[in-house]
Amino acid sequence: MMTEEEALAAVLEKIGALPSKMVSLLDSLGRFSARELFATRLLPAFDNSAMDGYAVVAASTPAGARLRVTGEQPAGADRGLTIRSGEAVRIFTGAPVPAGADAVVMQEDVTREDDSIVIHASAERDEFIRRAGSDLAIGQKILAHGEQIAPATLGLLAAQGHAQIEVGGTPRVAIIS
């Protein structure tokens with residue numbers, strides 16, 4: 001008598017790979033990739049704030065320090081702001097980090113007084129900054145050949161600009177007992 005493993009091997013030996021085809025990204029969910037896909041764009045695309053707060057130079061933020069607020073950077077278009085030691089820029093989650101800033105202090109850790117802030121908790125370098133490429137670097141593998149496409153993978157592929165993806169053919173199977 002043949003074992004289950006032997007039977008599976010005999011069946012797989014008789015069939016070939018199905019032809020691949022391009023499908024829309026949404027239609028690829030649950031299908032299997034016909035090729036490897038690699039990142040061609042950084043994710044995130046630029047250094048951005050992970051919190052609402054103030055972009056600062058970390059070395060100028062000991063507890064009790066007073067910093068002059070020189071501008072505001074909302075999420076969206078980069079206003080091209082620059083800061084120096086002793087300055088701060090009001091910043092919002094997802095906003096580009098101003099040139100010169102190396103940390104973000106949470107708004108809960110400061111007191112705003114007119115055009116300045118008082119720091120209650122010092123910041124450390126890179127604190128609350130999401131660096132460009134920290135989620136996905138250029139050349140990083142997104143999808144392996146034969147890998148099933150999951151909802152999270154769809155998000156990565158969309159962020160990379162893919163509208164379509166090459167997937168393996170869908171088998172038609174009949175079982176006769």
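**Salt bridges and strands in a predicted chain**

Arg-35 is partly exposed, with a relative accessible area of 39%; buried here means under 20%, exposed over 50%, and partly exposed in between, with a 1.4 Å probe and protein chains only. Before I continue, please note that this is a predicted model, in which local features need pLDDT of at least 70, side-chain atom pairs count only at pLDDT 80 or more, and totals for chains, interfaces and linings use all residues. Residues are numbered from 1 along each chain as its sequence is written, and side-chain values use heavy atoms, with hydrogens and water left out.

Which residue forms a salt bridge with Arg-35? The partner is Glu-166, and the closest N and O atoms are 3.5 Å apart. A salt bridge is a side-chain nitrogen of Lys or Arg within 4 Å of a carboxyl oxygen of Asp or Glu. Glu-166 lies in strand β12 (residues 164-167) and Arg-35 in the loop between β1 and β2 (37-38), so this pair ties together parts that are 131 residues apart in sequence. Helices (H or I, at least four residues) and strands (E, at least two) are DSSP runs, numbered from the N terminus. Glu-166 is partly exposed as well, at 23% relative accessibility.

By the same rule, the count comes to eight salt bridges. One of them joins Arg-125 to Asp-102, with 2.9 Å between the closest N and O atoms. Arg-125 sits in the loop between β9 (116-119) and β10 (129-130), and Asp-102 in the loop between β6 (87-91) and β7, so the pair connects parts 23 residues apart in sequence. Arg-125 is exposed, at 60% relative accessibility, whereas Asp-102 is buried, at 11%.

Let us turn to the strands. The chain has two helices and twelve strands. Six strands form an open sheet with mixed pairing, in the order β7-β4-β6-β5-β9-β8. Its edge strands, β7 (103-106) and β8 (110-113), each pair on one side only; two strands pair if DSSP finds at least two bridges between them. Strand β4 (residues 53-56) runs antiparallel to β7, and four bridges join the two. Tyr-54 stands opposite Val-105 in β7.

Finally, I come to the overall dimensions. The C-alpha atoms of the chain fill a box of roughly 85 × 35 × 25 Å, taken along the principal axes. Of the 177 residues, 31% count as buried.
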